[in-house]
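Please open the model in your viewer and keep the sequence panel beside it.

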Amino acid sequence: MKDGLFHFKKFSVSHTRSSMKVGVDGVLIGSWASPTGKRILDAGTGCGVIALMLAQRVPDAEVIAIDIDKDSIEEASENFQNSIWNERIHPNNISFNELVNEEHDSFDMIVSNPPFFESGVKYPATPREVARHQAEFSPTSLIKGSAGLLKNDGKLAMIVPSEFFNQLCTVGIANGLSPDRVLFVRNRRESPIKRVMIEFTKDHKYLSVDNFSMTDDMVLTMFDNSGLPTPQYKELGKDFYIKF
């Protein structure tokens, strides 16, 4: 980090100007999502780390990376240009809602680490407040908009606080997106579950939230009691984290 970059195994990311920095949540969803197809969207790209991960994982895919924040797109663009996938990643300074109005049935996959809490600011003053402000872009608006943006067999993957799980699954089902894969995340075995990753499909499957039950294989424990990454966590991030 002395050179101002966050280094992964196959690319590096500058995140000094972006509204959303490199963080655990972004790397988790970028590692866990099951991207496929020829056209993938990173909604709310920030510094571009998820887009770069998707480009690495799907060698033939075109990755569209959007963000409403100009500084974020400029820095993400530089990160893309410095990668070996620069010809396949296309940044766009546009809001998610604008994209929804412009395109339809366009993407095979959408991946996002969306804003998830009320900032208490009606008119966000800083780029990070804008990035995290629900009025601009929320998990609910992501689901509703993705229903129109995805192709018939498309998928949406997102990471959110676990307390929103039932609510968002209900929204997904109401908009024709069925929760197909789920992984809850906790820091240690004795820690409470804080995050959940959900992958919705548009292939007319149906999962009733009322009958949902969490099993052991649906929980990721990140660290053992010594503070070391668990084998499960290392397996998930092995293609990206240098120390894994």
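Begin with the whole protein chain shown as a surface: this is a predicted model, and its accessible surface comes to about 11,600 Å², of which 49% belongs to carbon and sulfur atoms. Switching to a cartoon, you can trace 8 helices and 10 strands in the protein chain, and if you colour by accessibility, 52% of the 244 residues count as buried. Among contacts between residues at least 6 apart in sequence, 70% join residues at least 24 apart.

Next, select residues 24–32, which form helix 1, together with residues 49–57, which form helix 2. Their axes come within 9 Å and cross at roughly 20°; since angles under 35 degrees count as roughly parallel, helix 1 is therefore roughly parallel to helix 2. The crossing of these two helices is right-handed.

Now show side chains where the two helices touch. From helix 1, Gly 26, Val 27, Ile 29, Gly 30, Ser 31 and Trp 32 take part, and they meet Ile 50, Met 53 and Arg 57 of helix 2. The residues of this contact divide into 5 nonpolar, 3 polar and 1 charged.

Finally, move to the loop between helix 4 (96–102) and strand 6 (107–112), and select Asp 105, which has its place there. Is Asp 105 buried or partly exposed? With a relative accessible area of 36%, Asp 105 is partly exposed.

Key: Residues numbered from 1 in each chain as written. Predicted model: local features only at pLDDT ≥ 70, side-chain atom pairs only at ≥ 80, totals over all residues. Heavy atoms only, no water. Helix = DSSP H or I, 4+ residues; strand = E, 2+ residues; numbered from the N terminus. Buried < 20%, exposed > 50% of the residue type's maximum accessible area, 1.4 Å probe, protein only. Contact = heavy atoms within 4.5 Å. Areas by Shrake-Rupley, 256 points an atom, 1.4 Å probe, with all protein chains shown as cover. Axes fitted to C-alpha atoms, helices over the stretch in contact; angles between N-to-C directions. Parallel < 35°, antiparallel > 145°, perpendicular 65-115°, else oblique. Left-handed = near helix turned anticlockwise from the far one by under 90°. Nonpolar A, V, L, I, M, F, W, Y, C, P; charged D, E, K, R; others polar.
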